[in-house]
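Subject: Structure for your review

Dear colleague,

Please find the structure below, followed by an account of what was found in it. I would be grateful if you would read the two side by side.

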Amino acid sequence: MLTGIAFYLLAAVAVVGGLMVVTAKNPVHSVLWLILTFFSSAGLFVLLGAEFLAMLLVVVYVGAVAVLFLFVVMMLDVDFVRLREGYARYLPLAAIVAGILLAEMIMISLVVVQGGAAANAVTPAVATTDMTNVEAIGRVLYTDYVYIFQAAGIVLLIAMIGAIVLTLRHKPNVKRQKAHDQVNRDRKTAVEVKGATTGAGVSAEDLI
Amino acid sequence: MPDLISALQLSASEATLAVGGLVLLMLGAFAGEKSARFVSVLSILLLLAATALAVTGPLGQAFNGAYVADPLAVYGKALIFLSSAVAIVLGDGWMKRTRIARFEFPVLIVLASAGMGMMASSGDLISLYVGIELHSLALYVLAAFHRDDLKASEAGLKYFVLGALSSGLLLYGASLIYGFTGSMRFDEIAAYAATNASPGLIFGLVFLICGLAFKVSAAPFHMWTPDVYEGAPTPVVALFATAPKVAAMVLIARTLEGAFAGSHDQWAQVLILISLISFAVGAFGGLVQKDLQRLLAYSSIANIGYALLGIAVGTTLGVQAMLLFMTLYVIDQFGFFALILSLSRNGRPIRRIEDFAGLRKDRPVMALVLTVLSLSVLGMPPLAGFWGKWAVFGAAAEAGYWMVGAAGLVASVVAGFYYLRIIKLMWFDPAPEGVEAIDRSPIEAKTIAIAAALFSFPLVMVALTWLEPLTRAAAVGYGAG
């Protein structure tokens, strides 16, 4: 009963949130709606018993991807009013595409319900109740899939090298932090006492 | 624990490259930009060591079937790692001349080679995907490596966006295959698909082929090729044209003939269609090109059609022909790109085709090299390219696909027009006005170009006597037949 209520609530919020993502006038609002959608989907995962995926969705998508979107939307100087000009014109086409997608998804779901996609194939490992998701994934991640796991780590490393190669520039007139020099400054080298006549005041040029 | 040790012994070449790449990265980061030459030399040694490890290492499966070391993988890896090493040699000189020497260049190539090695010996869908991502991510960065060059940046961005699209297609196909068979491993997929090739499975397979065809730039998934070939730095293009293509072709052979041997009829149709379109696009698209690197892009599309035809045949002979074809093709391509790197007039590289006019006067040796290489890629007997095409045509004819092979020959005749045009310009037309200085060729590029031309003829005759048994061992050892 409670699960049912939770499911319909979360599902409804996810669908409405998804709708608002595409219809919201302000792109920043779109991103905020997207975060709401992610949260409700995470709730749905918890209901399915996949709490690790739920955490992943919150940490990765809400924590990193959505915030990145927010930054990009706020920092890029895009004229969103002009971007939305064709909205009404493209709406019928978009509706047709969305309708086809929905029909396909329903068809696939029906087929899966009837026969099961991999009905005769190797049965996937059944989740046992005495082990949490995280534990189950942890057990295979560093044993059965250590090869893939390490390779995926190198993929991320390459992305990092790439970002540095393509964006890092050593410009001559950029002031950089030099911790050693900064810490080793003492009063003698950093401050100079200049005499000033009483009542005459000082101008900035005199001090340099 | 002994399981892990034997697995590491099997995958020693990739492990060496990955760990060595990290060490070189640290070395470069601490030693600064001046270490580019030193890191390049060490990278080449690392690649040679990885080749030796791959060739001498044990054969078998590791990591629950995710990694397969068999003669096909070993042959592919030797070719891939050696090609990467040659690309580093070309790239090192180029970086020095353009004054953008950075130690990340060889490191990225080493890490990309580790990914290509993974591709060549992938035994399940996850290692297939991770291997592809590992090598392509590094290649996207390399394409845009000359970041102040507008065209290089454009090439990098285009390659990245279209590569991401193809990865999406590939993943969609892989997820469908997993959904319908319940397994990631090629041998288990094969066992399931042999009895029960449902339409859903074939659907996923077609998507997988589309994703892989992107990576080898076969038409109609070739859109990125001309722009990337034109924009990216020449040594990087030399790498693109060789090692990743070999890795992807080995991967296609392994996936289709390993996991889907039972549904050969279905995927052979798709591959033959792709070959035919590639022949047409490569031959006719090349006719209107003005830039030599763009022309080579179209030439590569047509040639990949041949290699795919070898796989489509579906016999051991076909795989052997594909391997032989790719080996000879790789050597020709290195010759071409080394030649482009070694030619410049007035301090500018010669890239436009009409600039080749009168090359006979400036550089008779280079003109001869370009002539030999052009005729070889064209498939003129008895040059290297001919033997590759001969092998593929033989395999196709034996399996009853001689019509497709004949279409490839027609494409070669059409492509002959643009190669003969370059040859005519070089030998019979006067040099363009205003040539003040003929720049000296960089020694490494010149050496590689001449060596590739010498290989095309006459060394290929000697090489064939040992390439033929090697490729046969690779194709048979895989058990494709």
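**Domains of chain B**

Within chain B, 38 residues of domain 1 are in contact with 43 residues of domain 2, two residues being in contact if their C-beta atoms, placed from the backbone, lie within 7 Å. The side of domain 1 of chain B that touches domain 2 of chain B receives at least two residues from each of α4 (71-98), α9 (199-215), α10 (224-231), α11 (234-240) and α12 (243-259) of chain B. Helices (H or I, at least four residues) and strands (E, at least two) are DSSP runs, numbered from the N terminus. On this side of domain 1, α4(B) has the largest share, 11 residues. By residue class, the side of domain 1 of chain B that touches domain 2 of chain B comprises 26 nonpolar, 7 polar and 5 charged residues. Here Ala, Val, Leu, Ile, Met, Phe, Trp, Tyr, Cys and Pro count as nonpolar, Asp, Glu, Lys and Arg as charged, and the others, Gly among them, as polar.

Domain 1 of chain B spans 1-259 and domain 2 spans 269-481, with bounds that come from an automatic or database domain assignment. The C-alpha centres of domain 1 of chain B and domain 2 of chain B are 22 Å apart.

**Basis of the model**

This is a predicted model, in which local features need pLDDT of at least 70 and side-chain atom pairs count only at pLDDT 80 or more, while totals for chains, interfaces and linings use all residues. Residues are numbered from 1 along each chain as its sequence is written, and chains are lettered from A and ligands numbered from 1 in the order in which they are written.

The predictor's confidence in each residue, pLDDT, runs from 0 to 100. Chain A has a mean pLDDT of 83, and 91% of its residues reach 70 or more.

**Contact between the chains**

Chain B gives 30 residues to the contact and chain A gives 20 residues. On the side of chain B that touches chain A, two or more residues come from each of α5 (104-120), α6 (125-143), α7 (150-181) and α8 (186-195) of chain B. With 8 residues, α6(B) gives the most to that side. The side of chain B that touches chain A consists of 18 nonpolar, 7 polar and 5 charged residues.

**Helix α8 of chain B**

Phe186(B), Ile189(B), Tyr192(B) and Ala193(B) are the buried residues of α8(B). They fall within an arc of 130° seen down the axis of α8(B), so they line one face of the helix; the arc is that of the directions from the helix axis to the C-beta atoms. A residue is buried if 20 or more other C-beta atoms lie within 10 Å of its own, exposed if 12 or fewer, and partly exposed in between, with C-beta atoms placed from the backbone. The cover over the buried residues of α8(B) includes α7, α9 and α12 of chain B. Exposed Ala194(B) and Thr195(B) sit on the face of α8(B) turned away from its buried side.

**Backbone features of chain B**

The loop between α9 and α10 of chain B holds Ser217(B) and Pro220(B). Although Ser217(B) is not a glycine, it has a positive phi of about 55°; it is buried, with 26 other C-beta atoms within 10 Å. Pro220(B) is joined to Ala219(B) by a cis peptide bond, with omega about 0°.

A cis peptide bond also joins Pro381(B) and Pro382(B), with omega about 0°. Pro382(B) lies in the loop between α17 (364-378) and α18 of chain B.

Phe63(B), in the loop between β1 (60-62) and β2 (67-69) of chain B, has a positive phi of about 50° although it is not a glycine. Phe63(B) is buried, with 22 other C-beta atoms within 10 Å.

With kind regards
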